[in-house]
Amino acid sequence: MNKTIKTTLLVILILVLTLSLAACRNKTAEASPSPSASASAAPTVDNPTIRLSTTTSVNDSGLMAYLQPYFEQDTGYKLEITSAGTGAAIEKGKTGDADILLVHAKASEEEFIKEGYSKERIPFMYNYFIIAGPKDDPAGVKSSATAADAFKKIADGNYTFISRGDDSGTNKAELNVWKATGLSPDPAKDTWYISAGQGMGACLNMAEEKQAYILTDKATFLTNKKTLENLLEKSEDMKNTYSMLIISTDKWPDTNVAGAQAFVDWMTGSKGKELINSYGVKDYGEQLFFTID
């Protein structure tokens with residue numbers, strides 16, 4: 001075979017190999033798209049920042065951190081989240097430092113609307129408060145029919161109880177249970193009753209250290225669980241409903257109403273509901289929040 005023919009065959013072989021490699025790369029790219037390629041591009045919006053003021057239990061449970069990237073990818077909005085007790089969270093709505101609230105204190109929410117700061121309360125999910133305490137349960141909370149019965153046993157035995165004491169939705173729920181018992185423990189006089197003035201996570205840590213009783217939402221309890229046990233839940237006086245309230249432009253004209261409404265629509269839509277209902281199942285073996293149909 002002369003030199004010219006050899007050179008020609010070599011060039012043809014190189015071209016064939018090059019085309020084969022290119023085809024393989026294209027097939028691989030089609031079979032394994034990058035995350036950015038597989039995810040639909042988020043739409044562009046004029047005012048992208050939504051200021052969400054929410055309660056510590058939603059943040060301490062990890063729910064918002066879980067939902068935020070999905071919401072932002074789907075809508076093009078960016079959530080600016082601050083969390084505090086419900087009383088402080090609602091106050092941000094009153095001062096114009098929020099576009100939307102996500103809280104869980106019905107009476108306070110209705111008063112907020114009555115004062116003209118929002119036009120509508122939108123209940124969209126719930127879980128249950130529980131009474132947690134030491135495993136040996138010296139007060140006998142586990143045998144109680146209601147939270148009020150359990151609280152009375154704790155007070156009668158002067159067993160240590162940790163209260164949020166921070167005007168949060170959980171604190172308000174706790175005070176309502178005490179009201180049902182006809183008792184009103186005073187931290188200045190009743191040494192067994194400790195008013196912490198802190199968020200749910202910090203209070204659970206305190207209850208753990210002191211092996212005390214505490215009222216907590218179940219989601220935060222499961223995400224912070226140590227040796228305390230869930231002693232009582234799902235009695236009718238323990239349901240914990242979360243609502244959204246868009247801040248009215250009548251009070252604060254610069255409210256990002258379009259962004260707030262997009263958040264409401266997404267949270268109450270099929271994808272938001274699916275994500276909320278599935279949260280916690282993989283890590284804790286049970287659902288932490290339940291959407292309202």
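A: The answer below starts with the whole chain, then goes through each space and the elements around it.

This is a predicted model, so local features need pLDDT of at least 70 and side-chain atom pairs count only at pLDDT 80 or more, while totals for chains, interfaces and linings use all residues. Residues are numbered from 1 along each chain as its sequence is written, and side-chain values use heavy atoms, with hydrogens and water left out.

The chain has 13 helices and 10 strands. Both are DSSP runs numbered from the N terminus: helices are H or I with at least four residues, strands E with at least two. Of 293 residues, 43% are buried. Buried means under 20% relative accessible area; over 50% is exposed, and in between is partly exposed (1.4 Å probe, protein chains only). The accessible surface is about 14800 Å², with 53% of that belonging to carbon and sulfur atoms. These areas come from the Shrake-Rupley method with a 1.4 Å probe, and for residues only the protein chains shown count as cover. Contact means heavy atoms within 4.5 Å. Among contacts between residues at least 6 apart in sequence, 73% join residues at least 24 apart.

Now the spaces. Rolling a probe the size of a water molecule over the atoms shows where empty space is left. Here the search uses a 1 Å grid over the protein atoms alone: a cavity is a set of points where a 1.4 Å probe fits but cannot get out, a pocket is an open set with protein on both sides within 12 Å along at least five of seven lines, and lining residues have an atom within 4 Å of a point. Points are joined across faces, edges and corners, and a volume is the space filled by probe spheres set on them.

The largest pocket holds about 420 Å³. Its lining has 19 residues, and Lys106, Phe129, Ala173, Asn176 and Lys239 are the closest to the centre. By class, the lining has seven nonpolar, six polar and six charged residues. Three elements each give at least two lining residues: α6 (106-114), α8 (169-181) and β9 (239-246). α8 gives the largest share, with six.

So what does α8 look like? It has 13 residues and spans 19 Å from first to last C-alpha, close to the expected 18 Å. The expected span is 1.5 Å times one less than the number of residues. Its buried residues are Gly169, Thr170, Asn171, Ala173, Glu174, Val177, Trp178 and Thr181. An α-helix has 3.6 residues a turn, so residues three or four places apart point the same way. After α8 comes glycine 182, whose phi is positive, near 80°.

Two of those buried α8 residues, Asn171 and Glu174, touch serine 163. Serine 163 sits in strand β5 (residues 161-163). It counts as buried because its relative accessible area is 1%. Isoleucine 214 lies 51 residues from serine 163 in sequence, yet 6.7 Å away, C-alpha to C-alpha.

The second largest pocket has about 160 Å³. Its lining is Ser118, Lys119, Glu120, Ile122, Ile246, Ile247, Ser248, Thr249, Val257, Gln261 and Val264. That makes five nonpolar, four polar and two charged residues. Helix α11 (residues 257-268) supplies the largest share, three. α11 has 12 residues and reaches 16 Å, close to the 16 Å expected. Gly259, Ala260, Ala262, Phe263, Val264, Trp266 and Met267 are its buried residues.

Isoleucine 247, one of that lining, is 8.0 Å from glycine 96, C-alpha to C-alpha, though 151 residues separate them in sequence. Glycine 96 lies in the loop between α5 (86-94) and β3 (100-103). At 9% relative accessibility, it counts as buried. Residues up to four places away aside, glycine 96 touches Arg51 and Trp252.

The whole structure has one cavity of 30 Å³ or more. Leu204, Glu208, Phe221, Asn224, Lys225, Lys226 and Leu228 line it. Three of these are nonpolar, one is polar and three are charged.

Methods. Ala, Val, Leu, Ile, Met, Phe, Trp, Tyr, Cys and Pro count as nonpolar, Asp, Glu, Lys and Arg as charged, and the others, Gly among them, as polar.
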